[in-house]
Amino acid sequence: MKTGLLTGKSCPIATQDISVNLKNRNHAFKEYGYGPPNPDETNTVFWVRKATMYNAPTNTVKGMRCGNCAAFIQTPKMMECIVGGLEKDENKDELSYDEEFVAAANLGYCDLFQFTCAADRTCDAWKSGGPITKD
Ligand code: SF4
């Protein structure tokens, strides 16, 4: 199900509904090894597990992130959906830092598992060729 925001197009529901977004994200955490929880930490165990799964050097696997996954969508329209979804319940006169928040987390949309996703994370379904940045 999708909801409209853009002229002639619609935004994925997860960009507009935080409970759907978290449900889908938690599914990716639980079933597909989405993580690490805090990408700013060393996360040695997380990366060694991924390296073992891929049978590849840890440094190679550390380069396989959502930010360069083919399912990671950062097109202008999708970014409008993500920021619009954050802003939709705010008053027009309220201070808003949604664009800064999206930029700080380097958010995009995971088209495979359908949630807003941080570029520094990864999952077991990573595919080379991303991100998708053109509408
Ligand atoms: S499919 Fe790609 S964008 Fe989605 S969570 Fe996995 S690595 Fe990230």
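Here are some exercises on the structure above, each with a worked solution.

**Before you start**

This is a predicted model, in which local features need a pLDDT of at least 70, side-chain atom pairs count only at pLDDT 80 or more, and totals for chains, interfaces and linings use all residues. Residues are numbered from 1 along each chain as its sequence is written.

**Exercise 1: the helix H2**

Find which residues of H2 are buried and where they sit around the axis.

*Solution.* 

Step 1. Let us start with the helix itself. Helices here are DSSP runs of H or I with at least four residues, strands are runs of E with at least two, and both are numbered from the N terminus. H2 covers residues 18-32, which makes 15 residues.

Step 2. Now check its length. The expected span of a helix is 1.5 Å times one less than its number of residues. For H2 the expected value is 21 Å, and the span from the first C-alpha to the last is close to that, at 20 Å.

Step 3. Next, sort residues by their surroundings. A residue is buried if 20 or more other C-beta atoms lie within 10 Å of its own, exposed if 12 or fewer, and partly exposed in between, with C-beta atoms placed from the backbone. In H2, the buried residues are Asn21, Arg25 and Ala28. They cover an arc of only 55 degrees around the axis (taken from the directions from the helix axis to the C-beta atoms), so they lie on the same side of H2.

Step 4. Here is the background to that pattern. An α-helix has 3.6 residues a turn, so residues three or four places apart point the same way.

Step 5. Finally, look at both sides. The buried residues of H2 pack against helix H1 (13-16) and E5, where a contact means that two C-beta atoms, placed from the backbone, lie within 7 Å. The face turned away from the buried side carries the exposed residues Ser19, Asn26, Lys30 and Glu31.

**Exercise 2: the paired strands**

Work out how E4 pairs with E3 and with E5.

*Solution.* 

Step 1. Recall the rule: two strands pair if DSSP finds at least two bridges between them.

Step 2. Take E3 (residues 72-73) and E4 (residues 107-110), which pair in the antiparallel sense over two bridges. Phe72 has Cys110 of E4 as its bridge partner.

Step 3. Turn to E5 (residues 115-118), which is antiparallel to E4 and joined to it by four bridges.

Step 4. Look at the hairpin of E4 and E5, which has four residues between the strands. Gln114 lies in this loop and has a positive phi of about 60 degrees although it is not a glycine.

**Exercise 3: two cis peptide bonds**

Which residues are joined by cis peptide bonds?

*Solution.* 

Step 1. Gly35 and Pro36 are joined by a cis peptide bond, with omega about 0 degrees. Pro36 is in the loop between H2 and helix H3 (44-54).

Step 2. Gly130 and Pro131 are also joined by a cis peptide bond, with omega about 0 degrees. Pro131 is in the segment after E5.

**Exercise 4: around the ligand**

How many residues surround the ligand, and how do they divide by type?

*Solution.* 

Step 1. A residue counts as near a molecule or strand if its C-beta atom, placed from the backbone, lies within 6 Å of it. The ligand is surrounded by 14 residues, of which the closest are Cys66, Cys69, Ala71, Cys110 and Cys123.

Step 2. Sort the shell by type. Ala, Val, Leu, Ile, Met, Phe, Trp, Tyr, Cys and Pro count as nonpolar, Asp, Glu, Lys and Arg as charged, and the others, Gly among them, as polar. The shell holds 13 nonpolar residues, one polar and no charged.
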